[in-house]
Amino acid sequence: PTGSIEGVAKREDGPLPPELTISVEDLKTGFSRSETFYRTDGRFTVHDLPAGHFTLTARAEGGQAKVEEI
């Protein structure tokens, strides 16, 4: 069975990014994947993920943010 991670990437100040790259990585298993989303108002869903604990990194023009152990 697989799962998914979804969410909304927002900036603290300024408009939502038109292009967003989401990377997920499981340090224990070595699994990683990156997907790019365009004109989604910051919304994203990464499908078909194996079971695990992931670090998620959101990158857009002007910055990046990381959430660990989701």
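Q: Before we start, what counts as a pocket here, and what are lining residues?
A: A pocket is an open set of grid points with protein on both sides within 12 Å along at least five of seven lines, and lining residues have an atom within 4 Å of a point. Keep in mind that this is a predicted model.

Q: Got it. How many residues line the largest pocket, and which lie nearest its centre?
A: The lining has 17 residues, and Ala9, Lys10, Ala58, Gln64 and Ala65 are the ones nearest the centre.

Q: And what's the volume of the largest pocket?
A: About 290 Å³.

Q: Which strands each supply at least two residues of that lining?
A: Strand E5, residues 55-60, and strand E6, residues 63-67. E6 gives the most, with five residues.

Q: What's the lining of the largest pocket like by class?
A: There are nine nonpolar residues, five charged ones and three polar ones.

Q: Switching topic: which residues make up the largest nonpolar core?
A: That core has 12 residues: Ile5, Ala9, Leu20, Ile22, Val24, Phe37, Phe44, Val46, Leu49, Phe54, Leu56 and Ala58. Strand E2 (19-25), strand E4 (43-49) and E5 each supply at least two residues of this core.

Q: Let's take Leu49. What does Leu49 touch, leaving out residues up to four places away in sequence?
A: On that count, Leu49 touches Thr2, Gly3, Ser4, Ile5, Val24, Phe31, Arg33 and Phe54. Two of those, Ile5 and Val24, are also listed in the largest nonpolar core.

Q: What about Thr55, is it buried or exposed?
A: Thr55 counts as buried, because its relative accessibility is 10% and the cut-off for buried is under 20%. Thr55 is found in strand E5.

Q: Which residues does Thr55 touch, again not counting those up to four places away in sequence?
A: Ser23, Val24 and Glu25, along with Lys66, Val67, Glu68 and Glu69.

Q: Now the rings. How many aromatic pairs are there?
A: The count comes to two aromatic pairs. One of them joins Phe31 and Phe54, with 6.1 Å centre to centre and 75° between the planes, and it is edge-to-face.

Q: Where in the chain do Phe31 and Phe54 sit?
A: The pair links distant parts of the chain, 23 residues apart. Phe31 is in the loop between E2 and strand E3 (32-38), while Phe54 is in the loop between E4 and E5.

Q: How do Phe31 and Phe54 come out on burial?
A: Phe31 is partly exposed, with a relative accessible area of 24%. Phe54 counts as buried, at 4% relative accessibility.

Q: And what's the pair that Phe37 and Phe44 form?
A: Phe37 and Phe44 form a tilted pair, with 6.3 Å centre to centre and 50° between the planes. Phe37 is buried at a relative accessible area of 14%, and Phe44 counts as buried at 9%.

Q: Why is that pair called tilted?
A: Because planes under 30 degrees apart count as stacked, over 60 as edge-to-face and the rest as tilted, and here the angle is 50°.

Q: Last topic, the backbone. What's phi of Arg39?
A: Phi of Arg39 is near 55°, a positive value in a residue other than glycine. Arg39 lies in the loop between E3 and E4, and Arg39 is exposed, with a relative accessible area of 65%.

Q: And what about phi of Asp41?
A: For Asp41, phi is near 55°, a positive value for a residue other than glycine. Asp41 has its place in the loop between E3 and E4 and counts as partly exposed at 47% relative accessibility.

Definitions and conventions: Residues are numbered from 1 along each chain as its sequence is written. This is a predicted model: local features need pLDDT of at least 70, side-chain atom pairs count only at pLDDT 80 or more; totals for chains, interfaces and linings use all residues. Side-chain values use heavy atoms; hydrogens and water are left out. On a 1 Å grid over the protein atoms alone, a cavity is a set of points where a 1.4 Å probe fits but cannot get out, and a pocket is an open set with protein on both sides within 12 Å along at least five of seven lines; lining residues have an atom within 4 Å of a point. Grid points are joined across faces, edges and corners, and a volume is the space filled by probe spheres set on the points. Helices (H or I, at least four residues) and strands (E, at least two) are DSSP runs, numbered from the N terminus. Ala, Val, Leu, Ile, Met, Phe, Trp, Tyr, Cys and Pro count as nonpolar, Asp, Glu, Lys and Arg as charged, and the others, Gly among them, as polar. A nonpolar core is a set of buried Ala, Val, Leu, Ile, Met, Phe, Trp, Tyr and Cys residues joined through side-chain atoms within 4.5 Å. Buried means under 20% relative accessible area, exposed over 50%, partly exposed in between (1.4 Å probe, protein chains only). Contact means heavy atoms within 4.5 Å. Rings of Phe, Tyr and Trp (its six-membered ring) pair if their centres lie within 6.5 Å; planes under 30 degrees apart count as stacked, over 60 as edge-to-face and the rest as tilted.
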